[in-house]
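Let's explore a protein model together, one question at a time.

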Amino acid sequence: MPLVAGIDSSTQSCKVVIRDAATGKLVRQGKASHPSGTEIHPEHWWTALQEAIAAAGGLDDVAAVSVGGQQHGMVCLDSTGDIVRPALLWNDTRSAEDARELILEAGDGDHDRGARHWAKTTGTVPVASLTATKLRWLARTEPHNAERVAAVCLPHDWLSWRLAGYGPGSGHDSLGELRTDRSDASGTGYYSAASGTYLPEVLEQTLGHVPVLPAVMAPLETAGKTSGGALIGPGAGDNAAAALGVNAGVGDVVISLGTSGVVLAVSAAPSADPSGLVAGFADATGNYLPLACTLNATRVFDVTAQLLGTDLPGLGRLALTAAPGAGGLTLIPYFEGERTPNLPDAAGSLHGMTLANYTPENLARAAIEGVLCSLADGLAALETQGVEAERVILVGGGAQSPAVQQIAAEVLGRPIIVPSPGEYVADGAARQAAAVLTGDFPDWALDATQIAEPDGGPEGKQGQGDRQAGEVLARYRQRTKEAHPSLR
């Protein structure tokens with residue numbers, strides 16, 4: 001059967017998987033590192049991609065390839081196709097003030113009115129990560145570079161363009177060959193996921209002129225061919241590619257437990273959250289991908305394990321010896337501020353301590369419950385946008401802990417699916433490549449474990465429900481409001 005390649009060009013590294021197009025079976029893979037930092041010259045991505053492809057045995061026998069990539073990164077090209085300046089990545093925050101100004105300008109000085117405008121227009125309220133705010137920063141601080149910008153694209157767009165044979169010095173005509181997809185375009189701040197169109201007025205407001213933008217490909221459309229004749233898929237933003245990689249569909253919520261937490265859902269309808277908690281992205285299949293992000297996840301586990309003189313498996317074992325609710329201990333895990341809810345200056349706090357309950361076991365459980373309750377709030381933010389969550393797919397490094405899996409089922413009150421560890425973004429890109437090749441997304445088997453949910457879940461939606469687990473989430477929310485009055 002034909003082979004397909006999936007690429008994940010993330011912040012830290014580039015990963016390539018080669019899979020059988022029909023079955024999804026992994027044939028070979030490769031990896032290469034990226035330099036650290038929030039400002040990177042894109043040529044580093046291209047070099048790493050070549051190294052990762054070589055480590056994976058090359059693409060000579062591959063029929064189709066697709067690129068999943070880190071979202072939002074600002075890649076600016078001049079009229080010859082050369083890089084104007086190093087790319088600002090999603091985690092570069094120097095445009096935070098520009099984001100605030102864009103909101104205020106849209107509301108004639110009224111922040112809430114401006115936020116509603118942006119949510120309605122683009123699905124996302126500006127924050128420093130969005131490409132539009134970075135273009136505003138460029139025009140404000142480097143006007144000479146802003147004037148040189150003939151085209152703007154994103155990391156995955158630029159790599160697909162390079163795979164198609166274009167690159168530095170290829171000329172102005174090559175800029176018209178830039179391609180992207182709706183999932184990545186929806187994270188720019190100058191594209192409407194709901195209408196499927198670019199917003200040139202936003203580019204005038206930020207960059208000062210409207211550059212060439214990548215054409216937005218349909219989910220199964222071909223974006224070109226490699227020099228070896230392999231079809232190039234439209235690609236995807238990393239979150240959308242990860243959703244493809246775990247076969248998420250409408251009704252599924254994907255919760256990723258890494259350094260930060262991500263809660264995203266596949267939805268048939270677009271979202272527009274003026275609070276800014278939910279970003280209204282598109283997915284890679286024609287649906288939508290409302291997403292909420294928390295700043296505190298597995299690092300809370302790390303520091304608690306260190307405090308208790310154990311490792312992560314040991315933390316989980318301690319937690320499972322404690323009863324649900326940790327004897328009344330509640331940890332609010334805002335160790336590094338928080339984004340969902342929007343409390344950037346907050347700190348973590350521990351509540352309900354008594355001489356009886358202040359034990360290592362209860363503290364371990366409170367840490368895990370606190371992080372998962374925080375993610376439950378992210379899920380609640382999605383539900384206010386009309387998301388219906390029928391099951392939860394739990395991924396990321398923290399998801400491999402049996403304690404996290406079981407406590408997640410208790411706190412969230414829904415069936416929990418835990419896929420085997422893998423390269424979900426690269427796998428999703430490979431699945432897209434197979435769809436471009438065959439005309440439909442393949443139904444690759446997902447190696448996963450299902451965790452039993454408690455009887456009825458925390459809200460008691462089925463029968464009596466698990467009252468104890470419901471009390472954990474209710475107490476967490478009450479303690480959070482007490483610690484942060486602005487949430488009342």
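Q: How many cavities of 30 Å³ or more does the structure hold?
A: On a 1 Å grid over the protein atoms alone, a cavity is a set of points where a 1.4 Å probe fits but cannot get out. Grid points are joined across faces, edges and corners, and a volume is the space filled by probe spheres set on the points. With a cut-off of 30 Å³ or more, the number of cavities is two.

Q: What kind of model is this, and how are its residues numbered?
A: This is a predicted model, where local features need pLDDT of at least 70, side-chain atom pairs count only at pLDDT 80 or more, and totals for chains, interfaces and linings use all residues. Side-chain values use heavy atoms, leaving out hydrogens and water, and residues are numbered along each chain as its sequence is written, starting from 1.

Q: Which helix gives the most residues to the lining of the largest cavity?
A: Lining residues have an atom within 4 Å of a cavity point, and those of the largest cavity, with about 50 Å³ of space, include A366, E369, G370 and C373. Helices (H or I, at least four residues) and strands (E, at least two) are DSSP runs, numbered from the N terminus. At least two lining residues come from each of β19 (330–332), α13 and α16 (467–483). The top contributor, with four residues, is α13.

Q: How many charged residues are in the lining of the second largest cavity?
A: This cavity has a volume of about 40 Å³, and its lining includes V152, D157 and Y198. Ala, Val, Leu, Ile, Met, Phe, Trp, Tyr, Cys and Pro count as nonpolar, Asp, Glu, Lys and Arg as charged, and the others, Gly among them, as polar. The lining has seven nonpolar residues and two polar ones, and the number of charged residues is one.

Q: How are helices α12 and α13 arranged, roughly parallel or roughly perpendicular?
A: Axes are lines fitted to C-alpha atoms, for helices over the stretch in contact (heavy atoms within 4.5 Å), and angles run from 0 to 180 degrees between N-to-C directions. The axes of α12 (residues 312–321) and α13 (residues 360–383) come within 7 Å and cross at roughly 105°. Angles under 35 degrees count as roughly parallel, over 145 as roughly antiparallel, 65 to 115 as roughly perpendicular and the rest as oblique. Therefore α12 and α13 are roughly perpendicular.

Key:
1 Å grid on protein atoms, 1.4 Å probe; cavity = no way out; pocket = protein on both sides within 12 Å on 5 of 7 lines; lining within 4 Å.
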